[in-house]
Amino acid sequence: MRPRLGVAYYPEQWPRGRWETDARLMAEAGLAVVRIGEFAWVELEPSAGTFDFGWLDDAIEILVANELAVMLGTPTAAPPAWLIEAHPEILPRRADGRVHPFGHRRHYCPNQPAMREASRRIVAALADRYGTDPRVESWQIDNELMGRCVCAVCRVRFQDWLRERYGSIEALNESWGTAFWSQRYDDFAQIPPPELGTAAATLFRTHAPNPSLALDFRRFTSDSHIAYLRLQVDELRSRGTAQPITTNLMGFKFGEIDYHRLAAELDVVAWDNYPALDRSGHWSGSALAADAMRGLKNKPVWIVEQQVGALGWEILHTPRRGQMRLHTYQAIAHGAELVGYFRWRTARHGTEQHWYGVIDAHGRVGRRYRELAELSKEIDALGDVLAEATVVSPAALLHDYDSRFALQVQPTNPSLAYEESAQRHYEALRTLGIGVDVISPDADLSSYRLVTAANLYVVDESVVASLRAYVEGGGTLVLAPRAGVKDRSNVVPELPFPTLLADLAGVEVADVASLLDDDPVRISGVDGAPDGEFRGWFEQIEPKGAHVLALYAEGDFAETPAVTIHSVGDGRVVYIAGVADLATLRNLYQAVAPDAGLVTAALPDGVECVQLRGQAPLLMFLNHADGERRVSLDGAKRDLITGVEHEQSIRLAPFGVALLAPVRAAVETA
Ligand code: GLA
Ligand code: ZN
């Protein structure tokens, strides 16, 4: 599908007399999709069971009259005051005992019967009215599902969830090892939701929970949100709703819900993209998020919220001039077929007055509106070029929620933090010009030349079997420290690390060191392999069939192997025994690339390159730096955005974008 642009609109927050103008301005700017209805619960159901759809009908009518497609939200992220008054138990209870009060949003527990009942009622009413309405193109359920609750209902539901998983209390005791600290349970009813902080917040915390309990509670919380989502999907479908259904996810950095499982409930993955909020400050943050969201279904995604202007609640982050366009192209290159901006107009009231929309609170068009209108023309002029283009990814990064949850429970050393480790490996590959899919360890790996498991902390036999088949078939697998430390119950297997992965890696861990200073430890390459540095976490390993690529050059493990490579079948497994910094990882990936069959590229600092396959092979260059960059080309190419031909190199303006096709193919598609 050709990429389309859209916007989030809240007609209920603006006078009725303004809607026509808004719709006309949207259409004139070239927007195609408008998302409405999310959060408007009290406007749609002013009191229990009394509905008012008149205003929504009008809004839809006006939008559609302007040839705008409507995405309709279910409003359940904002339960009205009347519902909370009747059922205060809906308010979620945090682990510290605090109750999330009315007056914000997301103030509900997904397991509370009254909330589920009320949700079913409003969703049923919406489904009956709009489920087969051709004016409505798609549905968004709720908004940014998240939050942990330990209320009385969640406690009982958690116990039911455990009963289902373990069958008997004996099996649970056995699996969790409750002989530790006298934790044996006689009955599921005795099991509490755990304290939800992390054990490492201070060095010694009396309330650090049993890690098996804590991991199960994280899974339960994730499942609770998924079950709540499913309740709405079922309600819509059982009433004949025909349009595609989605919900808006939050990219890669949000780690409370197993998005692989959640995505299975959706027709299409949608997500919210705010690059300016990425604390890493590097373009690989938003790129990783985009690849992780596409990887949930391995299909094009919709971005239903994308930053357009300054944003923030208390503190403002302002995107630089040109970044709205840059991030839109980045999103499209990574697989978005819809980019919907947040929000149409800056709010005059409420928490998000500082979240700047396409137009300002005063309602007149300005710089952002004009830029967006230009951008939409530019994308339109590309015709079908991007419609059929898909990302080329010779490499994959495994993204495993159990490993992520288990590391939240016991972070062990800050250098092992899941999100940062994943981003470092991802960034190392991407800055070498290698496309990376971000996928579940259960996914089919056969199409990848290299698979990296930056943080495969939890493993089981089936993942190991799939990795083995992949490597034997000629693949290159990269394992980093703390691989295979836990099984699915968050229990340490009775094997030397990396336990179930030791055979594949051809190494055994003999000793570990965790240092809390940030001092690097040098490693030196053997036989032409690169030197490098580790920080924070170090393992002393003994090769059991693997060859040494690098040795520790100093420290307690000096002269012992730091990086190894093991031939298995037609492929190979690299084991990195410490937390390598970005430069070290880049050099390592560069060194293994030829054997893996990967071609690397030299890209200037700040320049992202996305390879696309469409009618012709395409290259999108995105300059994330605020200075000019020059990229050399391996043959004449035409920039499909400007129409200009470039012989040997192309100059990218600050935050500039180029979409290059080989000259011949470009002529054919023009
Ligand atoms: C999220 C929400 C939006 C809005 C923005 C800005 O992405 O989905 O409703 O609140 O953040 O805070
Ligand atoms: Zn609850």
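Tutor: What follows is a set of questions on helices, strands and domains. This is a predicted model, in which local features need pLDDT of at least 70, side-chain atom pairs count only at pLDDT 80 or more, and totals for chains, interfaces and linings use all residues. Residues are numbered from 1 along each chain as its sequence is written, chains are lettered from A and ligands numbered from 1 in the order in which they are written, and side-chain values use heavy atoms, leaving out hydrogens and water.

Student: Why is helix 6 called roughly perpendicular to helix 8?

Tutor: Helix 6 (residues 152-166) and helix 8 (residues 211-238) pack at about 105°, with their axes 10 Å apart. Angles of 65 to 115 degrees count as roughly perpendicular (under 35 is roughly parallel, over 145 roughly antiparallel, the rest oblique). That makes helix 6 roughly perpendicular to helix 8.

Student: Which residues of helix 6 meet helix 8?

Tutor: Contact means heavy atoms within 4.5 Å. C154, R157, F158, W161, L162, R165 and Y166 of helix 6 meet L213, D216, F217, R219, F220 and D223 of helix 8. By class, this contact has eight nonpolar, no polar and five charged residues.

Student: What makes helix 10 and helix 14 roughly perpendicular?

Tutor: Helix 10 (residues 283-295) and helix 14 (residues 418-430) pack at about 100°, again with axes 10 Å apart. Helix 10 and helix 14 are therefore roughly perpendicular to each other.

Student: Why are strand 5 and strand 6 called edge strands?

Tutor: The open sheet has nine strands in the order 5-4-3-2-1-9-8-7-6, with parallel pairing. Strand 5 (245-246) and strand 6 (248-249) each pair on one side only. Strand 5 pairs with strand 4 (residues 136-140) over two bridges, in the parallel sense.

Student: Where do the domain bounds come from?

Tutor: They come from an automatic or database domain assignment. That assignment gives domain 1 (4-146 + 217-360), domain 2 (152-215) and domain 3 (395-596).

Conventions. Axes fitted to C-alpha atoms, helices over the stretch in contact; angles between N-to-C directions. Helix = DSSP H or I, 4+ residues; strand = E, 2+ residues; numbered from the N terminus. Nonpolar A, V, L, I, M, F, W, Y, C, P; charged D, E, K, R; others polar. Pairing = 2+ DSSP bridges.
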